[in-house]
Amino acid sequence: MHRRGLLMAGWLLVLSLNGVAWGASDPLLQRAFDQLLGNPKELRVNAIPYPLRQGEYARVYLYARGARIGGLLVDELWIRLESLTVDLPALNNGTLKAKDYLDSAIYARISIRSLEEFFLAANSFKDIRLWVEGGSIHGTGTVLFQGVPTKIRLSGFFAANGEPEVWFYVESLHLNLLPVPSLVFYQLERQINPILNLRSWPIVFKIRSVKVTREHIIIATQADLSRPCLICGGGEAPAFSP
């Protein structure tokens, strides 16, 4: 019996280390995250509470499809929280307010099409088409430049440095087929940055990596995106393009 218990504990440890979401659905957390993520199309929240300690969780796992963060549609999102303590009255009222937590991890996939919609909705562009080539984002479209609709062609890259934000930096920019100085780069970057902003969230996520594939932007707290997703325990496992 002792050996069987050790084996079971070993299996649970393996599942935990591989990011598999095991636990029970938590309606209060579900409601709070549903509000935080803009009522996603699909949301699954599993939690492992500490026994006899209300509002305290050993781990919380989340998977969302079609979430919205600051107007940006996030096609798929995984979150894992370690040793989370929440404000219970706030949670009962449908609001997530974290009092303490040991660690937080996030992994998100945002489609290129969702990024186009984000730029259009923010009125940064009147029309835009984006594609990925050579690890950079390229785009063509129309912007208002000094009040005049202007054809634009640009290329750039996404970056993160451990802060709860993702930024876009312009590498080259042409207006009406003419190259423009870097001062204009900064004006455009100020209009659209940060692309993803989690500073107002009740939990801090230190975003360390951004990667673009032909169809998606991958954003994560894990430092090495050449490795499989460490926290993806719900939905499909992410696929990487070469």
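Some ground rules. This is a predicted model, where local features need pLDDT of at least 70, side-chain atom pairs count only at pLDDT 80 or more, and totals for chains, interfaces and linings use all residues. Residues are numbered from 1 along each chain as its sequence is written, and side-chain values use heavy atoms, without hydrogens and water.

The cavity, then. The structure holds one of 30 Å³ or more. A cavity here is a set of points on a 1 Å grid over the protein atoms alone, where a 1.4 Å probe fits but cannot get out; lining residues have an atom within 4 Å of a point. The largest cavity takes in about 30 Å³, the space filled by probe spheres set on the points, which are joined across faces, edges and corners. Its lining is Ile69, Leu77, Ile106, Ala108, Leu196, Leu198 and Ile219.

Now the backbone. Most residues other than glycine have a negative phi, and most peptide bonds are trans. Asn193 to Pro194 is cis, with omega near -10 degrees. Pro194 sits in the loop between α5 (182-192) and β12 (196-197). Helices (H or I, at least four residues) and strands (E, at least two) are DSSP runs, numbered from the N terminus.

Two asparagines have positive phi. Asn39 is near 55 degrees, in the loop between α2 (27-36) and β2 (42-49). Asn176 is at about 50 degrees, in the loop between β10 (165-175) and β11 (178-179).

Are they buried or exposed? Asn39 is exposed, at 53% relative accessible area. Asn176 is partly exposed, at 46%. The cut-offs: buried is under 20%, exposed over 50%, partly exposed in between, with a 1.4 Å probe and protein chains only.

Conventions: On a 1 Å grid over the protein atoms alone, a cavity is a set of points where a 1.4 Å probe fits but cannot get out, and a pocket is an open set with protein on both sides within 12 Å along at least five of seven lines; lining residues have an atom within 4 Å of a point.
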